[in-house]
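The structure comes first, then the notes.

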Amino acid sequence: MMAPAATELGFELRVLAEAPDVSAVPAVSHAVVGDYTDYAQLLDFAKDVDVLTFDHEHVPGEHLRALLAEGINVQPGPDALLHAQDKLVMRAAVDRLGLPNPRWAAVSSVADLVDFGKAAGWPVVLKTPRGGYDGKGVRIIDDAAAAAEAADWFTGPPLLAEEKVPFTRELSALIARTPGGRSAAWPVVHSIQVDGVCDEVIAPAQDLDPETAAAASAAALRIADELGVTGVMAAELFETPGRGVGFLFNELAMRPHNSGHWTMDGSVTGQFEQHLRAVLDLPLGSTGVLGGVVVMKNFLGGENPDLFKGTRAAMAAVPAAKVHNYGKSVRPGRKIGHVNVVGAEVLDLPSVRSSAELAAAIIRDGREPNEEKA
């Protein structure tokens, strides 16, 4: 999804792809198949580019530091990226900066987890600090007995234990920052999760206290400045009315993020174009919203393998929907695309949500919901 923006800006986008059949390969004119965990392959790819950036946070930090030593322009840098790679490091940074954090602790044993549960109150959330996403690497611990059942998780470095925050909804504050320190923020959005996976985003978040919205954007911008983040960053937040400034930090992502896909059609500057502008230290684009409200709806793999048929039907049924297929093979539960629908007025939100849901359902199922199976 970064490729069209690169073409429009006059840049050549090159991709280090993990396999020849991944969806990024046909999207660019220059793709190299290689393993980003192999330093020699990573260096060979990186030595001929102006800037190296990412679409996930899993590149080993020691590799990135070695690339910096070779004079390669890495954005964001490994010291910043570490805070998106390691949740314990992120929690400590949020505390250090005096920003709103849930209660948390590093735990190395069942006994540590039980002690934290007694202090913070049950239930608590147990997380693997590295590698988890979309609900993976997360376990709810209801009491001391459940903590004992999680003994098999304590086989390596410390884990992260957090209070189970009583939040009203999940928010996301999306920003972009250049190496020179210029920054821009999109409106705070409402991110709706289903089974630990982002399902829908409403932009801007409706009925959000203006002071909370301003504080959330300011906190995201501050943490980006303090950590030296470059490119797009999403601060995932819990809304907690009546507690502090009204939100707590959940996680950070230092890349274009699912909660920002609405910007592709709903903002003057989409997050993929802005990421390119930012990592290349170019002037940032306007983050104004094109309309009163925007809804992004993901569609996951289902029974329908023929996405073209579903996409054609969705276009016919919902002409206002902008469809973004990811070019991935269909697998049940796998995110394979999203649709965006822009409403002229905030009052249009119910119909905009219905339109986005309908378009996504048609693509997923290959038919309109009220159609009989053939």
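Phe-238 is buried, at 10% relative accessible area; buried means under 20%, exposed over 50% and partly exposed in between, with a 1.4 Å probe and protein chains only. The model is predicted, so local features need pLDDT of at least 70 and side-chain atom pairs pLDDT 80 or more, while totals for chains, interfaces and linings use all residues. Residues are numbered from 1 along each chain as its sequence is written, and side-chain values use heavy atoms, without hydrogens and water.

**Aromatic pairs**

- The structure holds 2 aromatic pairs; rings of Phe, Tyr and Trp (its six-membered ring) pair if their centres lie within 6.5 Å, and planes under 30 degrees apart count as stacked, over 60 as edge-to-face and the rest as tilted.
- Phe-167 and Phe-238 form a stacked pair, 4.7 Å centre to centre with 25° between the planes.
- This pair links distant parts of the chain, 71 residues apart: Phe-167 lies in the loop between strand 6 (159–163) and strand 7 (169–177), and Phe-238 in strand 11 (residues 231–239). Strands (E, at least two residues) and helices (H or I, at least four) are DSSP runs numbered from the N terminus.
- Phe-167 is partly exposed, at 35% relative accessibility.
- Phe-247 and Phe-249 are edge-to-face because their ring centres are 6.3 Å apart and their planes at 65°.
- Phe-247 is buried at 2% relative accessible area, and Phe-249 is buried at 0%.

**Surface**

- Leu-282 is partly exposed, with 31% relative accessible area, and sits in the loop between helix 10 (271–279) and strand 13 (293–300).
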